[in-house]
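Thanks for asking me to look this one over.

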Amino acid sequence: MVQVLDEEGGVVGDVPDLSEEEFVAMYRHMKLARHFDERAVSLQRQGRMGTYPPLSGQEGAQIGSALALSEDDWIVPSYREHGAAMVRGLPLKQTLLYWMGDERGSLVPEDANVFTPAVPIASQIPHATGMAWADKLRHGDETDRAFLCYFGDGATSEGDFHEGLNFAGVFDTPNVFFCNNNQWAISVPRERQTNSETLAQKAVAYGFEGVQVDGMDPLAVYAATTEALEKAKDPADGERRPTLIEAVQYRFGAHTTADDPSQYREDEEVQRWKARDPIPRLERFLRDQGLLDDDRVETIEASVREEVADAIDAAESTVRPEPSSMFEHVYAEQPPELRRQSEAFARVREEYGDEAFLEEQ
Amino acid sequence: MSTQDQATQNLTIVQSVRDALATEMTRDDDVLVMGEDVGKNGGVFRATEGLHDEFGEDRVIDTPLAESGIVGTAVGMAAMGLKPVPEIQFSGFAYPGFDQIVSHMARLRTRSRSRYTLPMVLRAPYGGGIRAPEHHSESKEAFYAHEAGLKVVMPSTPYDTKGLLISAIRDPDPVVFMEPKLIYRAFRGEVPEDDYEVPIGEATTRREGSDVSVFTYGAMTRPSLEAAEELADEGIDAEVVDLRTVSPMDREAIVESFEKTGRACVVHEAPKTGGLAGEITATLQEEALLYQEAPVRRVTGYDVPYPLYALEDYYMPNAARVADGIKEAVEF
């Protein structure tokens, strides 16, 4: 398993070649993702947001991999990669709006190479393969874009994992398949998903390389992702190949806010994994390098709090979408029957008023 | 070859499929064909015959045998701006790809607020009557018509097949194109060599009549016309409306015909319950109740798993059953 930092933040591998600013930016992104996550869970508890899937514990994998990408690369996320999507240009406000039930949260800005997050497990994997394949078919080796797809350990049991990776292997698509193995697919442990010794080894079946990396070590994740991206984009041997990365990690919280993990796992296990928390690990390393001190950490924490608070304010001050907007974005051109339904809806709304539709808030 | 005159060719439906694909692939480099055995083999029904030689393996792609992978990767390709035309070898084998069809192909535009759209066409031969093995004869257009975000096209003639498939490929939204394999080679028709579009969402009247309206589509258009001709000898003048597109459905054409006749018989080979005949009947109730002279008759497949072929002739609506349905509507 690739590792750069041990659990105490001591160096045990090759530290990636990042500038001081980049190291600190990585730390800040992780702190931002953690704080965002804590606030999001709290919003749900207060009834200010719907069901939400937390990411705490997984910042090292998300941020480390997303930062390894070049500007032209793409990510194809599942529903838990709020941190990676944020790094790649999806505003936090959008993520909040989506989980607040507002479709407008799904609108990825034009300049962000982020595919719309997928909720059905593993279903985004064939999309990532198809996207990379399209890029290769259209541009050959004139472009060197890669397409990184996130999914969880449970996804490796799905048919779409197999089909997506199998196509990628056959057609040599420039993909990185990034498995966030957080040990639990809701209540079912990793051991129940497969009898394979590792998830990374499944790549052998598809004819490409699989790598297992400490997913709670952001530097190791960065290094492994960088290497995989090179193979996808501009490999030394000239043959672009996909890679499967298994980032071994743990979700500290529930699957979603609707889940109670005490039903299926022991607190002792949670504590054991919390000792590997990626944030203090990176912080210790950066302090050892003289890149962080108490003052800088405090400044970062204050700016992170402000950024998240601003995003929450922006999301909460967004007025409810215009009800008739549900009839939009279904087809490029609204078919007659949909127009009739839209008009019928407008009539009953007009006649009975919004109070007839909305529950007491 | 001249492209200015009205040169035509005498083609079968399956040849028209191939002609439409070749036409669009020549016109637009973003169009590609993918699926099982579509390459060197030219497709198990020969719908892509010769395209591999003509356009090469990057545009006529033999894929692994995996329907979800075919639909799912096509979704990714289309999201990036290509115009893939994946083929599902038989519509009865589409179900491993069903999640990709309904969860993504149908709703990516909505999910992404139109940032990502899918100019793709999922082609699949459908329907019974060809003495095929189990799972090769289903007609499950209602699944797809039920799904917002999809368009569902079911042609019945060579001319319409080419024009509708071209329209489908040019359509900015995903289209499920269900090809009536029973009549893939049953007859020929004049098909222009040029490219042309037959608009999606527009029905056509195959036979004018004043006594009763027969609403049908795809392979059932033929027995419906046969029945209408037989009944003409008995003094019943049936109008046959071929929907051509089942989603979005041309409700105006349905209502217009019914207002003229006041009687209707709806024909499809799909099972009755939850089938589109119910939707058509409901449309008549909603839009033309005061014109109605008799209960609307439904001549459909039965609510049984499609039988093995020893009994399929009893399952499939034929001219006799359609004629019976028409008479019930007329004699009420």
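This is a predicted model: local features need pLDDT of at least 70, side-chain atom pairs count only at pLDDT 80 or more; totals for chains, interfaces and linings use all residues.

1. How much area is buried between chain A and chain B? The figure comes to about 3600 Å², with carbon and sulfur atoms giving 61% of it. On the chain A side 45 residues take part in the contact, and on the chain B side 46 residues do.

2. Five salt bridges are found across the interface of chain A and chain B. For one pair, A:Arg138 and B:Asp30, the closest N and O atoms of the salt bridge are 3.0 Å apart. Polar contacts across the interface of chain A and chain B amount to 23 residue pairs, both residues being at pLDDT 80 or more.

3. Which elements of chain A give two or more residues to the side that touches chain B? They are α5 (124-139), α6 (159-171) and α13 (336-352) of chain A. The most comes from α5(A), with nine residues. Sorted by class, this side of chain A holds 24 nonpolar, ten polar and eleven charged residues.

4. Within chain A, the domain assignment gives domain 1 as 20-316 and domain 2 as 323-356. Taken over C-alpha atoms, the centres of domain 1 of chain A and domain 2 of chain A are separated by 37 Å.

5. Is A:Thr198 buried or exposed? A:Thr198 counts as buried because its relative accessibility is 17%, and the cut-off for buried is under 20%. You will find A:Thr198 in the loop between α7 (190-193) and α8 (203-206) of chain A. A polar atom of the A:Thr198 side chain lies 2.9 Å from the backbone nitrogen of A:Gln201. Leaving aside residues up to four places away in sequence, A:Thr198 touches A:Arg190, A:Gln212 and A:Glu246.

6. Over in chain B, B:Arg298 sits in strand β14 (residues 297-301). B:Arg298 has 36% relative accessibility, so it counts as partly exposed, the class between under 20% and over 50%. Not counting residues up to four places away in sequence, B:Arg298 touches B:Val266, B:Lys272, B:Ala277, B:Gly278 and B:Thr281. Take B:Lys272 from that list: B:Lys272 and B:Arg298 are 26 residues apart in sequence, while their C-alpha atoms are 7.6 Å apart in space.

Note on methods. Residues are numbered from 1 along each chain as its sequence is written. Chains are lettered from A and ligands numbered from 1 in the order in which they are written. Side-chain values use heavy atoms; hydrogens and water are left out. Contact means heavy atoms within 4.5 Å. Buried area is the accessible area (1.4 Å probe) that two parts lose on being put together, summed over both. A salt bridge is a side-chain nitrogen of Lys or Arg within 4 Å of a carboxyl oxygen of Asp or Glu. A polar contact is a pair of N or O atoms within 3.5 Å; within protein, one must be able to donate a hydrogen and the other to accept it, and residues adjacent in sequence count only if both atoms are side-chain atoms. Helices (H or I, at least four residues) and strands (E, at least two) are DSSP runs, numbered from the N terminus. Ala, Val, Leu, Ile, Met, Phe, Trp, Tyr, Cys and Pro count as nonpolar, Asp, Glu, Lys and Arg as charged, and the others, Gly among them, as polar. Buried means under 20% relative accessible area, exposed over 50%, partly exposed in between (1.4 Å probe, protein chains only). Domain bounds come from an automatic or database domain assignment.
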